[in-house]
Amino acid sequence: KGAAQGYPNFCPPCTRCLPHRWPSRPVEQMTVTLAYLKDVGIPIVAAAAATAARTKGAAVSTKDVLGTLGQVEPVAARTSHAGVSDSASKPPAPSPVFCAEPMTLEEENCAEAMQRPLPLRCPSNEVSVISFNMLLKGFDQKPYYPSVPPELRAWPRRKTQLQRVILGVDADIYCMQEVEAVSFPEEFSFLADAGYESIAPKDDSKGKRPDMAKTAIFYKGSRLEKLWQEHRSRLVIGAFRHLPSGKVIYVASCHLEGAPWEVATRFTQMQNALASIRKHQKQQCIDPASSALIFAGDFNESEDGAVFQCLQDGGLSKDFRPPDFPDKEVTKDDYKHEFQMSDLYSSGTAAAGAERPPTFCAPEDHRYVAIDFVFYTHNTLRPAAVRRPFTDEQAKVTTGVGIPAAWHFSDHVPVGGVFRLVSAGDDSDASEPASC
């Protein structure tokens, strides 16, 4: 591809092996290489380029390489060594896979399946929702999951995969977790081009922690109008008007406290979010029985935990104790909320099957667990389709290995589905949701 566009130093059929061939390439080719990288926007490590040049006897420093990259004219705009004319177009975007080894056919199929869209059968009265913990941008700087190699941790590669999943699934609403706050405008600029607006992650550290990763909500501006938003501890909440139907939908994207023993903290975070939603509804004279609510995200606990049980049962007894921490008190008083909620992946749905589908599989212990959930108000929303977290093929390649892997860039997988907006008491079309 590079040679055809005026970059004669690239071997067919792709550029995947280029970084590993730099040390053996002549010094005079470095300018062409840097120009190509600048054109297609691949971040490079200048020190590696300088080292490659020095192996051929040239006195080239990292500073020199950076200076060259800043001054070089894009090759596509001038005549090249391959004889491409000045009118040559800009080279095509590189392959989205930046790892040293190509994926197997099975892995490519798994990556493509992760991008499968959520179908809307009746767009005027349906909304599609996905919740996804994307694994923070700074994963490559973190010590956990040491078995994941550097090329699979690198953000440029992971960002490309993330973008393909978001645009491929094409959901109306994304409840996102672990989105870096400081770099959000730059790293997620592609959302606007695709018609998405956002409730951006909030930097609670005020710049002291540039790698701060928080919750966010992405939504299609052509289908939803934001009415209200609020950031809370490890949650972000939004109220939206569904433009085709005019109905109001509240959405909460959560990434609850991660320390396993902090069961009361997770419960309080959920409790405060529901209180904020109810307060806004009262201010706007909205009956909770007539408005829709989706509460989704990474609960950091299983379905046996207090948060799941409270959302499902409409409240929690002060006597409740989590099975994993039987000595931990969750709430001092009995608690009840006004929202009639159901779990999207409850037993009996087409996607759930006999057992709850897992949503997380860390590469260290290879243990499948479900800690990501999607709750909805069953009096105002009805599932029309439920996304399978892992397809059969994805589960096969993940078993005994875990994720992130070559085909997927996070330790979580997206969960969600399509909801039909209904009026309270509407029992028509109670058919089983489709699996997708």
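Predicted model: local features only at pLDDT ≥ 70, side-chain atom pairs only at ≥ 80, totals over all residues.

Student: Is S253 buried or exposed?

Tutor: S253 is buried, with a relative accessible area of 0%.

Student: What does the side chain of S253 reach?

Tutor: The backbone oxygen of M176, at 3.1 Å. The S253 side chain also reaches the backbone oxygen of A216, at 3.5 Å.

Student: And which residues does S253 touch, leaving out those up to four places away in sequence?

Tutor: C175, M176, Q177, T215, A216, I217, R234, L235, V236 and A296.

Student: OK, on to the sheet with β7 in it. What's the strand order?

Tutor: The order is β5-β6-β7-β8-β14-β11, an open sheet of 6 strands with mixed pairing. At the edges you have β5 (224-232) and β11 (341-343), each pairing on one side only. On average, neighbouring strands in this sheet are turned by 20 degrees against each other, ignoring direction.

Student: How many bridges are there between β5 and β6?

Tutor: 8 bridges, with β5 and β6 (residues 235-242) paired in the antiparallel sense.

Student: What about α11?

Tutor: Helix α11 (residues 306-313) lies across β8, β11 and β14 (372-377), and runs at about 15 degrees to β14.

Student: Now the sheet of 7 strands. What's the order there?

Tutor: β3-β4-β2-β1-β16-β15-β17, open, again with mixed pairing. β3 (196-199) and β17 (434-435) stand at the edges with a single partner strand each, so one side of each has no neighbour in the sheet.

Student: How do β1 and β16 run relative to each other?

Tutor: Antiparallel, with 6 bridges joining β1 (residues 126-133) to β16. Within that, V129 stands opposite G417 in β16. Helix α7 packs on this sheet, touching β1, β2, β3 and β4 (213-220), and the direction of α7 makes about 170 degrees with that of β2.

Student: Let's stay on α7. What should its span be, and what is it in the model?

Tutor: It has 15 residues, 155-169, so at 1.5 Å a residue it should span 21 Å; the end C-alpha atoms are 21 Å apart, which agrees.

Student: Which residues of α7 are buried?

Tutor: W155, R157, R158, Q161, L162, V165, I166 and V169. Looking down the axis of α7, those buried residues fall within an arc of 165 degrees, so they line one face of the helix. As background, an α-helix has 3.6 residues a turn, so residues three or four places apart point the same way.

Student: There's an arginine in that list, R158. How buried is R158?

Tutor: R158 counts as buried at 0% relative accessibility.

Student: What does the side chain of R158 reach?

Tutor: The backbone oxygen of L136, at 3.1 Å. R158 and L136 are 22 residues apart in sequence, and their C-alpha atoms are 10.0 Å apart in space. Leaving out residues up to four places away in sequence, R158 touches M134, L135, L136, K137, F139, L152, R153 and F409.

Student: Where do E178 and C285 sit, and is each buried or exposed?

Tutor: E178 is in strand β2 (residues 173-180) and counts as buried at 15% relative accessibility. C285 is in the loop between α10 (263-283) and β8 (292-298), and C285 is exposed, with a relative accessible area of 71%.

Student: Last one. Is the peptide bond from I403 to P404 cis or trans?

Tutor: It's cis, with omega near 10 degrees. P404 is found in the loop between α12 (392-398) and β16 (415-421). Most peptide bonds are trans.

Conventions
Residues numbered from 1 in each chain as written. Heavy atoms only, no water. Helix = DSSP H or I, 4+ residues; strand = E, 2+ residues; numbered from the N terminus. Expected span 1.5 Å × (residues − 1). Buried < 20%, exposed > 50% of the residue type's maximum accessible area, 1.4 Å probe, protein only. Arc of directions from axis to C-beta. Polar contact = N/O pair within 3.5 Å; in protein donor to acceptor, adjacent residues only side chain to side chain. Contact = heavy atoms within 4.5 Å. Pairing = 2+ DSSP bridges. Axes fitted to C-alpha atoms, helices over the stretch in contact; angles between N-to-C directions.
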